[in-house]
Amino acid sequence: MTEARPAFYALAPGGWRDYVTLLHPPYTAWHLSYVVIGACLAPHLYEGRLAAALVAFFLAMGISAHALDELNGRPLQTKIPEGVLVGLTVVPLAIAVGIGIAGALAFNGWLLLFVAIGLALVPVYNLELFGGVIHNNAGFALAWGAFPLLTGYFACAGTITWTALLAAAYATLTSYVQRVLSTPVRHVRRRVASVSGTIELRDGTREPVTRETLAAASERSLQGLAAANVVLAAALLVLRLT
C-alpha cells in the first residue's frame with residue numbers, strides 16, 4: 001500500500017517541498033481570508049492597515065504557529081532541521097509582534113491587546129499548554145476563526161461593533177466545522193496503517209472501505225470551504241476597492 005501523505009495538500013517529502021507543506025497553504029489562505037473579511041466590513045477600509053495585518057498573521061500563524069506545531073511531534077513528517085523550525089517559530093513571531101506594536105503606536109493603543117492575545121495563542125494552542133485547554137474544536141474556532149476576523153476589523157475601525165461580532169460568529173462556526181471535518185482525516189492519514197472491509201448495500205452489492213474512501217468526502221468539503229472563504233474575502237475586497 002502506498003504511504004499516505006500527512007495532509008491532502010502535502011507535497012512529496014524533501015527539500016523545499018517540506019517548507020511549502022509546512023505552510024498548510026489552503027488552511028493559511030482560509031484563515032487569512034478572515035482578516036480580509038473583517039477589514040472589509042469596517043466602516044472605512046485602510047489598505048495599509050489591512051496589508052500590515054495580513055503580513056502579521058501570515059508570519060505568526062502561517063509560519064510560526066505551524067513551525068511550532070511541527071516541532072511538537074512532527075505531524076507533517078518533514079525533515080526540516082529542529083534548529084530551523086525553532087528559528088521559523090521565533091523570528092516571524094517577533095516580526096509580527098513588532099508590526100502590531102507599530103500599529104498600536106500609530107493609531108490605537110488598544111491594538112496591543114490583540115498583539116498580546118496573538119502572542120499567547122501561538123504557544124498555548126500549538127504546545128497544548130495548560131492541559132490543552134484551548135486545543136480543541138471550540139478553542140481552534142475562536143483562536144483561528146473569530147480572532148483574525150476581529151483583528152482585521154479593529155485594525156480598520158478602531159472598535160468592535162455588533163457587525164464585527166456577527167461576522168466573528170460566522171468565522172467561529174466555519175472554523176469549528178473545519179476542525180470537526182479535519183480531525184478524523186488527520187487520524188486516518190497520520191495514524192492509520194491500513195484499512196480493510198466492505199460496505200454491503202441493500203441490493204447485495206458491496207463497496208470497498210479504504211483509507212481514501214474514509215477521508216475523501218471530508219477532504220473535498222474542506223477544500224470547498226477553504227475556496228469559498230477565500231472567494232468571499234476577494235469579493236468583499238474588490239467591492240470595497242471599486
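In this report, Ala, Val, Leu, Ile, Met, Phe, Trp, Tyr, Cys and Pro count as nonpolar, Asp, Glu, Lys and Arg as charged, and the others, Gly among them, as polar. With those classes in hand, welcome to this structure, which is a predicted model.

**The chain as a whole**

Let us begin with the overall fold. The chain holds 9 helices and 2 strands, and read from the N terminus the order of elements is α-α-α-α-α-α-α-α-β-β-α. Along the principal axes, its C-alpha atoms fill a box of roughly 65 × 45 × 35 Å. Of the 242 residues in the chain, 43% are buried. Among contacts with a separation of 6 or more, 68% join residues 24 or more positions apart.

In soluble globular proteins, nonpolar side chains tend to be buried together. Here the largest nonpolar core has 55 residues, and Trp144 and Leu149 have the most contacts inside it. At least two residues each come from α2, α3, α4, α5, α7, α8 and α9 (211-241). The biggest share is from α3, which gives 11 residues to this core. Leaving aside residues up to four places away in sequence, Leu149 touches Tyr34, Ile37, Gly38, Ala164, Ala167, Ala168 and Ala171.

Rolling a probe the size of a water molecule over the atoms shows where empty space is left.

| Pocket | Volume | Residues nearest the centre |
|---|---|---|
| Largest pocket | about 830 Å³ | Asp69, Pro75, His135, Arg186 and Arg190 |
| Second largest pocket | about 380 Å³ | Ala56, Phe57, Ala96, Gly100 and Thr151 |

The largest pocket is lined by 33 residues. By class, this lining has 12 nonpolar, 13 polar and 8 charged residues. Helices α2 (25-41), α3 (47-71), α5 (111-126), α7 (137-157) and α8 (162-191) each bring at least two residues to the lining. Which helix gives the most to the lining of the largest pocket? That is α8, with 10 residues.

Now for the second largest pocket, which has 25 lining residues. Two or more of these residues are supplied by each of α3, α4 (82-106), α5 and α7. The lining of the second largest pocket has 20 nonpolar, 4 polar and 1 charged residues.

**A closer look at Pro75**

Pro75 is one of the residues nearest the centre of the largest pocket, and it sits in the loop between α3 and α4. Is Pro75 buried or exposed? Pro75 counts as buried because its relative accessible area is 17%, and buried means under 20%. Not counting residues up to four places away in sequence, Pro75 touches Pro6, Asp69, Glu70 and Arg190. Of these contacts, Asp69 and Arg190 are also among the residues nearest the centre of the largest pocket. From Pro75 to Leu142 there are 67 residues in sequence and 22 Å in space, C-alpha to C-alpha.

**Two residues with positive phi**

Gln77 also belongs to the loop between α3 and α4. Its phi is near 60°, a positive value in a residue other than glycine. With a relative accessible area of 36%, Gln77 is partly exposed.

Phe130 is not a glycine either, yet its phi is positive at about 55°. This residue lies in helix α6 (residues 129-132). Why does Phe130 count as exposed? Its relative accessibility is 67%, and exposed means over 50%.

Technical notes: Residues are numbered from 1 along each chain as its sequence is written. This is a predicted model: local features need pLDDT of at least 70, side-chain atom pairs count only at pLDDT 80 or more; totals for chains, interfaces and linings use all residues. Side-chain values use heavy atoms; hydrogens and water are left out. On a 1 Å grid over the protein atoms alone, a cavity is a set of points where a 1.4 Å probe fits but cannot get out, and a pocket is an open set with protein on both sides within 12 Å along at least five of seven lines; lining residues have an atom within 4 Å of a point. Grid points are joined across faces, edges and corners, and a volume is the space filled by probe spheres set on the points. Helices (H or I, at least four residues) and strands (E, at least two) are DSSP runs, numbered from the N terminus. Buried means under 20% relative accessible area, exposed over 50%, partly exposed in between (1.4 Å probe, protein chains only). Contact means heavy atoms within 4.5 Å. A nonpolar core is a set of buried Ala, Val, Leu, Ile, Met, Phe, Trp, Tyr and Cys residues joined through side-chain atoms within 4.5 Å.
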